[in-house]
Each structure stands twice: as C-alpha cells, then as structure tokens.
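Subject: Structure handover and findings

Dear colleague,

Please find the structure below, followed by an account of what was found in it. I would be glad if you could read the two side by side.

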Amino acid sequence: MTEAAVKGKGAEGAGSGLEAVRARLAAAEAAAGRPPGSVALIAVSKEQPEDRVRAVLEAGHRLFGENRVQEARARWEPLTAATPGIMIHLVGPLQTNKARAAMALFAAIHSLDRPRLAETLARLADERGACPDLLVQVNTGEEPQKAGVAPGEARALLALTRRLSLPVQGLMCIPPEGADPVPHFRLLRAMAESEGLSWLSMGMSGDFETAVAEGATHVRVGRAVFGARR
Ligand SMILES: *Cc1c(COP(=O)(O)O)cnc(C)c1O
C-alpha cells in the first residue's frame, strides 16, 4: 500500500479503516481458497491516539497488537477492565526484565528470539502456572539491526523451547523494508511446516493480502486500520 492510500484510510476515520481491512482480508481469504475468518486480524494500535483505538473497539474489534510493554500496559489496563474479551498480542521485541509484566498482560508474544528469553519465560511460566501463546521471531532477511533469531539458529532455539515445555505455536517474521516479501513468507512457512508449527504471523499494512496467499494465520495491521501513526 502506498503512503497516500494509508493516509486516506486514516482520513476516513478508524472505523472505516477497520471495515476496509476486514473486507480486503475476506477477499484475500476467498482468493486463496481459505475459509472465511481463518486469518486473525491483529489491529496494531502502537503510537495511535486513544480516540482511534476507541473507535475500533466500538466497531467490535477485540484483538490488538502493541510493540512496547509499558505503553501497552498504560493504555490497555483501563480498557480491558471496562470491556470484556479484549486480547493483546506483543509484536515488538521483549527485554528479559520486562518478561514478567509481559506475561501478565499479553495473550500472545510474537517475539521470542533468544535462549535467555526462553529460559526466563519458562521460569516465570512455572511460577505462574500459565504462559501466553508464543511465536518465535525469525530474522528471515538476516538484517543485523533487526530482532529475531537467524534462520540457521531457529531449529536449535525451537528444540530448547520444547525441552522447556514452552507453548510455542508458530513463527513470526518482518521482511526487510522495500524487499519482495514473498521469499520471506515462503521461508517462514517452510520452517513452520518442518517444525510442525501451525501459526504464521506475517503480513502488515503493505503486504497482508500477499501474506494471506502465502499461508499467514495472523496478520499484524496498524496504519491501514487506524491511519498513519502520529
Ligand atoms: C508496527 C508494526 C506492525 C504494523 O505495521 P503497519 O505498517 O502499521 O501495518 C506490524 N508488526 C510489527 C512487528 C510492528 O512493529
């Protein structure tokens, strides 16, 4: 999606952005021969103003994504107390010293990417007797500045998560900016299939329909739902 198209969605208001994304997602599911509603829409509300988030909540949407633990907590603790059924997923990187807070807040964490974090989550899961659903983030583009385990190290990390009995459901990736996302989506899917994992978190505002065609089970869409971030 072009920046102009993203901004246009915002100008129509958050409610209509959500409706448009829902319609595009349904069309992408149909085009891929996938059942309606089989792809979860995570509305990524990071850095969005409160009124836009409320509009999307009022339109009945309940699944949201955030990339920072503190910001998510400040925003969502009051909203989840007031509205039943809200689920928040962490889509951004997680520092081990925020793992405890993250486990209390998020229904799923998409950014497990290193052994030390796996060990910390396992210890906290034992303490709590519960653990959010987890996805291992894979740095499919092997970009040095980007979070995620290198593709060549993913198998060892997944083996560790199994030894630790962590509830890893799938894999997540963020393809390099400006690159064709398809090879990255295909690599992620092949890795998930060979590991017997069913969730694929891939696809954002600019490429979520492509991701659905490539097997995404969860798309993380921010600007196309809420408008450009301020
Ligand atoms: C911000 C963000 C998104 C949403 O990006 P948009 O381009 O606004 O759709 C998705 N995934 C992650 C990990 C993000 O940080």
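A residue is taken to be near a molecule if one of its heavy atoms lies within 4 Å of that molecule. The model is a predicted one, and in it the residues around the ligand are Val44, Lys46, Val91, Ile174, Met204, Ser205, Arg220, Val221, Gly222, Arg223 and Arg229.

Of the 390 Å² of accessible area that the ligand has on its own, the protein covers 93%, and the space that the ligand takes up is the largest pocket.

Away from the ligand, I also looked at charge pairing. Side chains of opposite charge can pair when their charged atoms come close. With a cut-off of 4 Å between a side-chain nitrogen of Lys or Arg and a carboxyl oxygen of Asp or Glu, the count comes to twelve salt bridges. Among them is the one between Glu19 and Arg22, whose closest N and O atoms are 3.2 Å apart; both residues lie in helix 2 (residues 14-31), three residues apart, which is about one turn of the helix.

Best regards

How values were computed
Residues are numbered from 1 along each chain as its sequence is written. This is a predicted model: local features need pLDDT of at least 70, side-chain atom pairs count only at pLDDT 80 or more; totals for chains, interfaces and linings use all residues. Side-chain values use heavy atoms; hydrogens and water are left out. Accessible areas come from the Shrake-Rupley method with a 1.4 Å probe; for residues, only the protein chains shown count as cover. On a 1 Å grid over the protein atoms alone, a cavity is a set of points where a 1.4 Å probe fits but cannot get out, and a pocket is an open set with protein on both sides within 12 Å along at least five of seven lines; lining residues have an atom within 4 Å of a point. A molecule sits in a cavity or pocket if more than half of its atoms lie within 2 Å of its grid points. Helices (H or I, at least four residues) and strands (E, at least two) are DSSP runs, numbered from the N terminus.
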